[in-house]
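Could you walk me through the main features of this model before I open it in a viewer?

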Amino acid sequence: QRAATNLEEMTVAGLTQMMERGQITSEAITNWYLARIRAIDPKINSMIEINPDAIAIARERDRERRNRMVKGPLHGIPVVIKDNIDTADKMKTTAGSLALADAPTPKQDAFIVTKLREAGAVILGKTNLSEWANFRDNDSISGWSGRGGQTRNPYILDRNPCGSSSGTGAAIAANLAAIRIGTETDGSILCPSSINGIVGLKPTVGLVSRSGIIPISATQDTAGPMCRSVADAATMMNAIVAPDANDSGMRPGKWERLDYTSYLKADGLRGARIGVARDYWGRNATVDKVTNAALEAMKRAGAELVDVKFPNLRKFGDAEFIVLKYEFKDGLEKYLRDRGSRHKALDDLIKFNNDNAAKELKY
């Protein structure tokens, strides 16, 4: 228990090393995070649900380690995932909507959840999100859902943590689990990672499976790691990148055999060419100052910075939105049918929201 008091900023590598040395167990680590959730998450509201089997899974991981049956790079590591990712267990999958609160449990885990379990992860719980991954209104508040309420930024509680992977970003910043999985269509990993001061990676679409994830866009959706460090993100990529025959967007290739941790080098920026989208500068002097300082640090580390301009930047959004509307309706209705929800179509969800406006349309 003495070792368990100093886990607040521990990385996957650090936790794994402690377990390998017998200094701590997965069960103790899991209990530490659960206690921290109970202690501080009432103020942040990042978790939408705790896995009732988390301790039992951690004990099984400890038994496997004692018997030299380590599954993979995340063995015994507590992970939380966004509530739009299917789990075939005792937790719900709702995208934060009360419309799916009574839907049947998914028939199987999302592909990436299967990969996490194969890597030995302990699924600790699910995180709140901007409902339906923030694709419901132009003025919806990041981090709010009818089921989960409002998630707060752990650094400044009267502000939201951006979204739509809001609870995921807030939870990692508040040290409520070791690592986390978020999803992104258009900023939903990158924005909460930026706002909460963590490492977020949106993988190239087609690199990580989308099977079993409530969709918005077949051409833009992806899942990815949200972590405390680049090293943790690389470790998680090793666990979740694998070909999935059920995702038509997957791109077979040599990437399947990559070891992402092999690229963790102190001089990794030397010789790199990094594009800088200057069209986004000039909106806030304080933000510009911080960002320019980061660019200078990259240059000192050996990177070449290349300013990039987008003459038609303001027009991109209009064309994208047209595509998103069609893909959202098509993809979501397929998901609802496969899930067995009593709501079969987008019109059914709109009617549910109107009928339950006090709860679903509060903000």
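This is a predicted model: local features need pLDDT of at least 70, side-chain atom pairs count only at pLDDT 80 or more; totals for chains, interfaces and linings use all residues.

Residues are numbered from 1 along each chain as its sequence is written, and side-chain values use heavy atoms, with hydrogens and water left out. Helices (H or I, at least four residues) and strands (E, at least two) are DSSP runs, numbered from the N terminus. Buried stands for under 20% relative accessible area, exposed for over 50%, and partly exposed for anything in between (1.4 Å probe, protein chains only).

**Salt bridges**

- The count comes to 23 salt bridges, each being a side-chain nitrogen of Lys or Arg within 4 Å of a carboxyl oxygen of Asp or Glu.
- Lys90 and Asp53 form one of them, at 3.2 Å from N to O. This pair links distant parts of the chain, 37 residues apart: Lys90 sits in the loop between strand E2 (78–82) and helix H4 (111–118), and Asp53 in the loop between strand E1 (47–50) and helix H3 (54–66).
- Lys90 is exposed, at 57% relative accessible area, while Asp53 is partly exposed at 25%.
- Lys309 pairs with Asp279, their closest N and O atoms lying 3.7 Å apart. Here too distant parts of the chain are linked, 30 residues apart: Lys309 is in the loop between strand E10 (304–308) and helix H9 (313–339), and Asp279 is in the loop between strand E9 (273–277) and helix H8 (285–300).
- Lys309 is exposed, with a relative accessibility of 56%.
- Asp158 and Arg159 form a salt bridge with 3.6 Å between the closest N and O atoms, and both residues are exposed.

**The second largest pocket**

- On a 1 Å grid over the protein atoms alone, a pocket is an open set of points where a 1.4 Å probe fits, with protein on both sides within 12 Å along at least five of seven lines; lining residues have an atom within 4 Å of a point.
- The second largest pocket has a volume of about 880 Å³, taken as the space filled by probe spheres set on the points, with grid points joined across faces, edges and corners.
- Its lining has 40 residues, and Arg210, Ser211, Gly212, Ile213 and Tyr335 lie nearest the centre.
- H4, strand E6 (179–184) and H9 are the elements that give two or more residues to this lining, and H9 supplies the largest share, seven residues.
- The lining of this pocket divides into 10 nonpolar, 16 polar and 14 charged residues. In this scheme Ala, Val, Leu, Ile, Met, Phe, Trp, Tyr, Cys and Pro count as nonpolar, Asp, Glu, Lys and Arg as charged, and the others, Gly among them, as polar.

**Buried spots**

- Ser217 lies in the loop between strand E7 (199–200) and strand E8 (222–227), and is buried at 1% relative accessible area.
- The Ser217 side chain makes polar contacts with the side chains of Thr219 at 3.1 Å and Glu327 at 2.5 Å. A polar contact is a pair of N or O atoms within 3.5 Å; within protein, one must be able to donate a hydrogen and the other to accept it, and residues adjacent in sequence count only if both atoms are side-chain atoms.
- Helix H7 (residues 230–240) is largely enclosed by the rest of the structure, because eight of its 11 residues are buried.
- The buried residues of H7 pack against helix H1 (12–20), E2, H4, E6, E7 and E8, where contact means heavy atoms within 4.5 Å.
- Leu129, in the loop between strand E3 (122–127) and strand E4 (144–145), is buried at 0% relative accessibility.

**Backbone**

- Most residues other than glycine have a negative phi, and most peptide bonds are trans.
- The peptide bond from Gly163 to Ser164 is cis, with omega near 15°; Ser164 lies in the loop between strand E5 (149–150) and helix H5 (166–173).
- Ala133 has a positive phi of about 55° and is buried at 13% relative accessible area.
- Asn134 also has a positive phi, of about 70°, and is partly exposed at 25%.
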